[in-house]
Amino acid sequence: MFQMGRVSEHLLDFHNYLARGPEAFHNYVTATVQRVLLTGANGFLGTHILSQLLASNFSVRAIVRSQSKADQVRSDHPAASRQDLEFGIVPDITAPGAFDAVVKADPPIDLVIYTASPFFYEAVSDNLKDFLIQAKQGTEEI
C-alpha cells in the first residue's frame, strides 16, 4: 500500500540532500530507494530515465497508456527481469483516481518520477487545453 508518510519523509530528505549537492543526493538515493514508479516510461525523457534506473539496479514500475506500449518498452529492455521491470497501465492520466491502482505495491514504491504528458502527432488547435491543462491534471492525479 502506498504510504503518504513515507513519501513526505522522502521529500524532506530529498530536499535536504539536494541542498548538499549532487553527490550527496546521489548517495542518499542509491542508499534509500529500491523501488521506483516512473510515469511516461515510453516517452522521450522516460525512456532515458528508465535505462538509467535499470542500469543502476533499481526495481521499476513503468507506467504507460496501453499494453502495446508496455510490450514495446519490454522489448527495448530484454535483459530486465519481470521483478526489475513491471508495468502499470493508465490510459487517461487526467481521469480521477487514474493512478490509484498503480501506486499500490508490495514492496512499496519508494520514489515517483513523473514524466507523463499528453502528446499528439496531429496538429492541435489549443495548446493550453490540449497540452498544459492535461499535463497539470495528470500531475495532480499522481
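What pattern does the protein chain follow, read along the sequence? The pattern is α-α-β-α-β-α-β-β-α. The model is predicted, and its secondary structure comes to five helices and four strands. The protein chain has 142 residues, of which 34% count as buried.

**Confidence**

- The mean pLDDT of the protein chain is 81, and 73% of its residues reach 70 or more.
- Helix α1 (residues 4–19) has the lowest confidence in the protein chain, with a mean of 60, while α4 has the highest, at 97.
- For residues 1–5 the pLDDT is below 50, and in the model this stretch has eight contacts beyond near neighbours in sequence.

**The sheet and the helices on it**

- Four strands form an open sheet in the order β3-β2-β1-β4, and their pairing is parallel.
- The edges are taken by β3 (85–89) and β4 (111–114); each has a single partner strand, so one side of each is left without a neighbour in the sheet.
- From one strand to the next, the twist averages 20°.
- Strands β1 and β2 run parallel and are joined by five bridges.
- Helix α3 packs on the sheet and touches β1, β2, β3 and β4. The direction of α3 makes about 170° with that of β1.
- Helix α4 also packs on the sheet, where it touches β2 and β3. The direction of α4 makes about 165° with that of β3.

**Nonpolar cores**

- The largest nonpolar core has 18 residues, and Leu 50, Phe 58, Val 60 and Leu 85 touch the most other members.
- Two or more residues of this core come from each of α2 (22–32), β1 (35–39), α3 (44–55), β2 (59–64) and α4 (67–76).
- Another core lies apart from this one; it has eleven residues, including Leu 37, Phe 99, Val 102 and Ala 116.
- Not counting residues up to four places away in sequence, Phe 58 touches Val 29, Thr 30, Val 33, Gln 34, Val 36, Leu 53 and Asp 84.

**Leu 38 in strand β1**

- Leu 38 has its place in strand β1, and its bridge partner in β2 is Ala 62.
- Why does Leu 38 count as buried? Its relative accessible area is 0%, and Leu 38 is buried because that value is under 20%.
- Leaving aside neighbours within four places in sequence, Leu 38 is in contact with Gly 46, Ile 49, Leu 50, Leu 53, Val 60, Arg 61, Ala 62, Ile 63, Ile 113 and Thr 115.
- Leu 38 and Leu 111 are 73 residues apart in sequence, and their C-alpha atoms are 8.5 Å apart in space.

**Arg 61 in strand β2**

- Arg 61 has its place in strand β2 and is among the contacts of Leu 38.
- Is Arg 61 buried or exposed? Arg 61 is buried, with a relative accessible area of 10%.
- The side chain of Arg 61 is joined to that of Glu 86 by a polar contact of 2.8 Å.
- The Arg 61 side chain also reaches the backbone oxygen of Lys 104, at 2.9 Å.

**Contacts along the chain**

- Among contacts in the protein chain between residues at least 6 apart in sequence, 64% join residues at least 24 apart.

Technical notes: Residues are numbered from 1 along each chain as its sequence is written. This is a predicted model: local features need pLDDT of at least 70, side-chain atom pairs count only at pLDDT 80 or more; totals for chains, interfaces and linings use all residues. Side-chain values use heavy atoms; hydrogens and water are left out. A nonpolar core is a set of buried Ala, Val, Leu, Ile, Met, Phe, Trp, Tyr and Cys residues joined through side-chain atoms within 4.5 Å. Buried means under 20% relative accessible area, exposed over 50%, partly exposed in between (1.4 Å probe, protein chains only). Contact means heavy atoms within 4.5 Å. Two strands pair if DSSP finds at least two bridges between them. Axes are lines fitted to C-alpha atoms, for helices over the stretch in contact, and angles run from 0 to 180 degrees between N-to-C directions. pLDDT is the predictor's confidence in each residue, from 0 to 100. A polar contact is a pair of N or O atoms within 3.5 Å; within protein, one must be able to donate a hydrogen and the other to accept it, and residues adjacent in sequence count only if both atoms are side-chain atoms.
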